[in-house]
Amino acid sequence: MKIKTRRKLITYLDVLDQPLKFNPFLFSRTFLLWAVLGVAGGIISGVYWITLEMIMHALAVFEGWQVIPTMAIAGLLAGFVIHFIGDPGEIHLIVNNIRFNKGELEPKNNPSMILSSLLCVGSGGSLGPEAPLVQVTGSTGTWLGKMLRLKGEELRSVSIAGMASGFTALFGAPLGGSLFSLEILHHKHAAEYYQAIIPALVASCFSYLIFALIMHLGLGPIWDLPAYVMEDKFDFAYAVLFGIVATLFGWIFIYCTKFLKSLFGKLLLPIYYKTLIGGIILGIIAFYYPLTRYFGHHEINELLLNESSLKFLGAILIFKIIAIAVTVTSGWRGGFIIPLFFVGATLGLIIHQIFPSTNLPLAIVTSMAAINACVTRTPISTTILLSTLTGFTYFIPILFASLTGYFLAPRIPFISSQMDKF
């Protein structure tokens with residue numbers, strides 16, 4: 001940047017730092033910063049999602065045995081991207097940077113994260129686009145904060161606001177997305193970064209509007225669950241019971257992931273060999289059980305609308321857990337929140353088939369809530385997100401299940417960066 005241009009920018013920033021004159025409202029220039037960040041997050045998310053859908057539609061034509069070489073090649077290419085451009089890290093690194101790196105997310109990791117995640121998610125990996133979106137939108141917040149010479153908690157707040165804009169664009173829930181970006185940072189003190197709540201909410205609202213305009217989204221639930229009617233005063237107790245069962249499968253997922261991570265860790269090979277092996281395994285699973293392919297955004301509706309046997313649902317449950325674990329540990333890039341919702345929905349259908357007298361939407365939603373809260377330690381935002389995504393207006397049973405998953409989760413968190421460090 002030229003010195004003259006830089007001086008002009010500094011002059012404008014000095015003006016921006018000054019309070020608004022004759023302003024009787026709480027509204028300030030800082031609001032404009034959060035709004036701009038939300039608009040940027042919505043645009044980034046919209047472009048990413050359109051590109052992702054184009055890749056998904058292009059690669060979806062490869063079915064049957066062709067899915068195996070398709071996912072193997074996608075894994076190999078993603079490995080090359082990570083090896084030659086740079087390792088963008090995973091959700092663990094994002095959380096770690098927000099907590100212990102002054103709230104800074106490096107934009108230099110974005111090209112590798114975008115390219116590798118588009119290949120991994122678009123080809124059918126069992127990881128969603130939430131981690132890539134959060135990395136890119138959060139680092140945009142860091143970049144904008146540095147441009148405005150923000151430091152300390154102010155810089156961390158705009159980074160978190162950027163993360164929230166990414167979460168919101170994906171889930172279509174400004175309040176849930178905002179709280180998720182705060183909760184996932186620390187599993188014991190959800191409001192540790194309470195200064196970022198308002199910035200996150202403002203950025204999320206603007207991101208939601210822009211993303212909805214780009215994608216022509218409606219303002220309603222995305223998963224076609226039957227309407228919930230409270231039929232029994234013991235529904236809260238059922239919610240806790242379903243939550244306990246779902247938490248058990250959350251433990252299974254966590255330890256399956258740790259086991260596979262140790263196996264892949266023993267392979268002293270470049271990353272592209274591991275992503276290739278992961279792609280082959282995922283292709284084989286998708287060949288036998290096509291419903292396990294992709295991260296579950298559309299597959300959950302397919303699961304809910306079609307009647308399936310108990311044997312089929314059990315196989316889907318087991319192999320989806322394995323597919324997510326393989327995807328996470330073999331170097332594929334993406335997030336695991338929506339895939340975990342898919343596992344919870346499958347488990348809820350299994351519970352209803354075994355015990356037909358149970359309330360179907362209650363079993364499904366509480367299972368989705370508990371397994372996600374167990375793994376991510378986000379009971380409050382999980383409750384709000386699922387209430388929005390499923391149209392489950394009476395959300396108190398979801399909260400009971402989420403808290404069950406949270407308090408029965410392993411003491412050592414799955415996202416290692418959530419641990420206290422002194």
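## Crossing of H7 and H9

In this predicted model, helices H7 and H9 cross in a right-handed sense. On the H7 side the contact is made by Ser-157, Ala-161, Ala-164, Ser-165, Thr-168 and Ala-169, while H9 contributes Pro-199, Ala-200, Ala-203, Ser-204, Ser-207, Tyr-208 and Phe-211. The two axes lie 8 Å apart and form an angle of about 35°, with H9 covering residues 197–215.

Thr-168 belongs to H7, which runs over residues 152–171. With a relative accessible area of 0%, Thr-168 falls under the 20% limit and therefore counts as buried. The side chain of Thr-168 is joined to that of Ser-204 by a polar contact of 3.0 Å.

Leaving aside residues up to four places away in sequence, Thr-168 touches Ala-173, Pro-174, Gly-177, Ser-178, Ser-204 and Tyr-208. Two of these, Ser-204 and Tyr-208, are listed among the H9 residues that make the helix contact.

## Helix H17

Helix H17 comprises the 12 residues 396–407.

The buried residues of H17 are Pro-397, Ile-398, Ala-401, Ser-402, Thr-404, Gly-405 and Tyr-406. Their cover includes helices H10 (235–265), H15 (360–376) and H16 (379–390).

## Positive phi angles in loops

Tyr-294 has a phi near 75°, a positive value in a residue other than glycine. Tyr-294 sits in the loop that links H11 (271–288) to H12 (299–305). Its relative accessible area is 9%, so Tyr-294 is classed as buried.

Arg-377 also is not a glycine, and its phi is positive at about 60°. The residue is placed in the loop between H15 and H16, two helices that are named in the cover of H17. Arg-377 is buried as well, at a relative accessible area of 4%.

## The chain as a whole

The protein chain contains 17 helices and zero strands. Of its 422 residues, 55% count as buried. Among contacts with a separation of 6 or more, 82% are between residues 24 or more positions apart.

The accessible surface of the chain is about 18900 Å². Carbon and sulfur atoms account for 69% of that area.

Conventions: Residues numbered from 1 in each chain as written. Predicted model: local features only at pLDDT ≥ 70, side-chain atom pairs only at ≥ 80, totals over all residues. Heavy atoms only, no water. Helix = DSSP H or I, 4+ residues; strand = E, 2+ residues; numbered from the N terminus. Buried < 20%, exposed > 50% of the residue type's maximum accessible area, 1.4 Å probe, protein only. Contact = heavy atoms within 4.5 Å. Areas by Shrake-Rupley, 256 points an atom, 1.4 Å probe, with all protein chains shown as cover. Expected span 1.5 Å × (residues − 1). Polar contact = N/O pair within 3.5 Å; in protein donor to acceptor, adjacent residues only side chain to side chain. Axes fitted to C-alpha atoms, helices over the stretch in contact; angles between N-to-C directions. Left-handed = near helix turned anticlockwise from the far one by under 90°.
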